[in-house]
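Visitor: I would like to learn how to read the contacts in a model like this one. Please take me through them step by step.

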Amino acid sequence: MLSIQVIADVWDRHLITMRTIEHLHMFSIALILSIIIGVSVGVFIYMKPKTANPVLNFLNIVETIPDLALIVLLLPILKLGAGPTIAACVLYSILPIARNTYTGLKSVDEQYTYVAQAIGLSPREALMKVRIPMSLPLIAGGIRIALVFCMGVVTLGGLVAAGGLGTVLQNGIQLYQKDAILVAGLWTGLLAVLLDGFAGMIEKKLHERYGTW
Amino acid sequence: MQTERLFDRIESIQFKGITKKYGEGFAVKELDLEIIGGELLILIGPSGSGKTTTLRMINRMIEQDEGSVTINGIDTKDADPVRLRRNIGYVIQNIGLFPHMTIRENIGLVPKIEKQNKKDIEERVKTLLDFVSLPPEMFMNRYPKQLSGGQQQRVGLARAMAMDPPLFLMDEPFGALDPILRKQLQKEFLKIKNEINRTIVFVTHDIEEALVLGDRIAIMDQGELVQVGPPEELIFNPANELVADIVDNQRKFKHMDTLKVKDLMSPFEDKYVLEAKMEACDAVDEMTDRDLETAFVFEGDELLGQVEIVDLMKCRDRGEKLSELAKPIKTFQPMDSVAFALSEMKNSGEYLAIVMNSKHPVGILVSDEVLLKLI
Ligand SMILES: Nc1ncnc2c1ncn2[C@@H]1O[C@H](COP(=O)(O)OP(=O)(O)O)[C@@H](O)[C@H]1O
Ligand SMILES: [Mg+2]
């Protein structure tokens, strides 16, 4: 069994505090990049509807590449370290965020965009003040999916010297230290659950505030 | 970006040879019409006759295929559409308040985009809410879904006034409301109209609304203008059968002398009833839920009078009971003559009365300005 003593010991020996910071650092950069790119792609394919299908199909193909394979594919381009891992996160996360942004923008009731135009909003203002805010609950749903993806991919990053909690797991496996594997695994899982719960809360708030359906 | 005003007041709006087609069908056909600055012009006609299309060509939400629309001599084609629309207040039937914005944000949206000073916007929003009889402290920070239909419609009106436009376009603004609520908002709107003294183009399918509000009425049919003129002219000199039908659809004017209260009343519904022991604040919430402007206070079976939500909101914090606040209201019998009932109401300045069948309320009689003119 895991005693407090064992946990504290593993925690210190494997520098888990530092690894957690690395982990969350990679994760946040990846998520922020994903949101920026994903929302932009979503808005773009909404404004140029002809591009929507090809873009979404392409992202779907990216999505089917196994995560480890994707990281390895990115290695020659981005070298060892956090680069490939962050890039892989982003590549996976664009689809859910872009797709939800696109669906969200499309499902805003015509009535509201019509009124926005009629009271004198320019197309850009209508997008920024009406369509995007009204799509926020759906966009948040996409971000939440991306968040779960990223937690997984960042953990895998340990295999390609990206640092983070994945490194602890990998060391544990190589040195065959069951305790280290268990502590790092549980801690990674707990972090993911906490972050997802937090995101779920935000999503719910957005639904209450902006949701009309 | 602060958009310059296109016009400070409307001298005239001219439709010249306007045609709009959808496929092979004409939505509007060779329309010539002048709207005179300062008037309230009604567009009325059967469904599909081209009213909405006509209205929307003024602010370029629809572009005509042929002809020109000029405002003060400026062809709207030469005006930037965004700038044009910020100079024109627009109100529609389904209101279209943005659900993710508070009432304050909804009303202040265009002023904010125009980068007006925060304080000024706040002041403006308060003034406008006061103007449409919604206490600002109570409503500023609510979301549209927390308001009743009538209250939302008032906010829609306030939003249209935010930029103080010299011209308003209104497309069946009271169309979705029940008849009594509609009457109340019309009455209030009339007051607003006289106060703001702006040019208004108003689409409706309700001839009473048209006759009460309109300075002139334009009757449309199948995309064409059939007749335009002041109410009396349409009533006494209809250009054709259709006009005669529209202005006097129930043949009320011809049978004025034999018309009974029961022919004109709206049915009484339980939702209008409030208990005498209810407190004012609770009544405000209850009336908001039931979408009522006016309610009738009963103590058991006995009618005590009427209360209006506008008054109740003022005395919200004092915990008074409705029994103390109810104002007297006239009652009539179903078989009373309309002429008698309406002139009684006019004399006391009331616009609502209850129709009682012995002891039971069976209807609500709303004063009818048009009929009154003919008495
Ligand atoms: N977007 C559209 N596409 C095709 N036909 C339309 C469109 N808008 C209006 N119409 C047609 O034009 C005619 C006039 O419509 P409208 O101006 O909305 O009438 P009204 O407001 O008087 O009911 C109708 O026959 C309607 O079916
Ligand atoms: Mg219409």
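**Reading the contacts**

Guide: Start with the pairing of chains. Between chain A and chain B, 5 residue pairs are in polar contact, counting pairs with both residues at pLDDT 80 or more. That confidence limit applies because this is a predicted model.

Visitor: How many salt bridges does the rule find across the interface of chain A and chain B?

Guide: A salt bridge pairs a side-chain nitrogen of Lys or Arg with a carboxyl oxygen of Asp or Glu within 4 Å. Across this interface the rule finds 1. The side chains of E125(A) and R86(B) form a salt bridge, with N to O at 2.7 Å.

Visitor: How many residues of each chain are in contact across the interface, chain A with chain B?

Guide: The contact involves 21 residues of chain A and 22 residues of chain B. For the area, about 2,000 Å² is buried between the two chains, and carbon and sulfur atoms give 64% of it. On the chain A side, Y114(A), I119(A) and R209(A) supply 30% of the area that chain A buries against chain B, more than any other three residues.

Visitor: Now the ligand. Which residues surround ligand 1?

Guide: A shell is read as a list of neighbours, then by class and by element. Around ligand 1 are Y22(B), A27(B), P46(B), S47(B), G48(B), S49(B), G50(B), K51(B), T52(B) and T53(B). By class, this shell has 3 nonpolar, 6 polar and 1 charged residues. Helix α1 (residues 51-58) of chain B contributes the largest share of the shell, 3 residues.

Visitor: Which residue has a polar side-chain atom 2.5 Å from an oxygen atom of ligand 1?

Guide: That is T53(B). The side chain of K51(B) has an N or O atom 2.9 Å from an oxygen atom of the ligand.

Visitor: What percentage of the accessible area of ligand 1 does the protein cover?

Guide: On its own, ligand 1 has 560 Å² of accessible area, and the protein covers 55% of that.

Notes: Residues are numbered from 1 along each chain as its sequence is written. Chains are lettered from A and ligands numbered from 1 in the order in which they are written. This is a predicted model: local features need pLDDT of at least 70, side-chain atom pairs count only at pLDDT 80 or more; totals for chains, interfaces and linings use all residues. Side-chain values use heavy atoms; hydrogens and water are left out. A residue is near a molecule or strand if one of its heavy atoms lies within 4 Å of it. A polar contact is a pair of N or O atoms within 3.5 Å; within protein, one must be able to donate a hydrogen and the other to accept it, and residues adjacent in sequence count only if both atoms are side-chain atoms. Accessible areas come from the Shrake-Rupley method with a 1.4 Å probe; for residues, only the protein chains shown count as cover. Helices (H or I, at least four residues) and strands (E, at least two) are DSSP runs, numbered from the N terminus. Ala, Val, Leu, Ile, Met, Phe, Trp, Tyr, Cys and Pro count as nonpolar, Asp, Glu, Lys and Arg as charged, and the others, Gly among them, as polar. Contact means heavy atoms within 4.5 Å. Buried area is the accessible area (1.4 Å probe) that two parts lose on being put together, summed over both.
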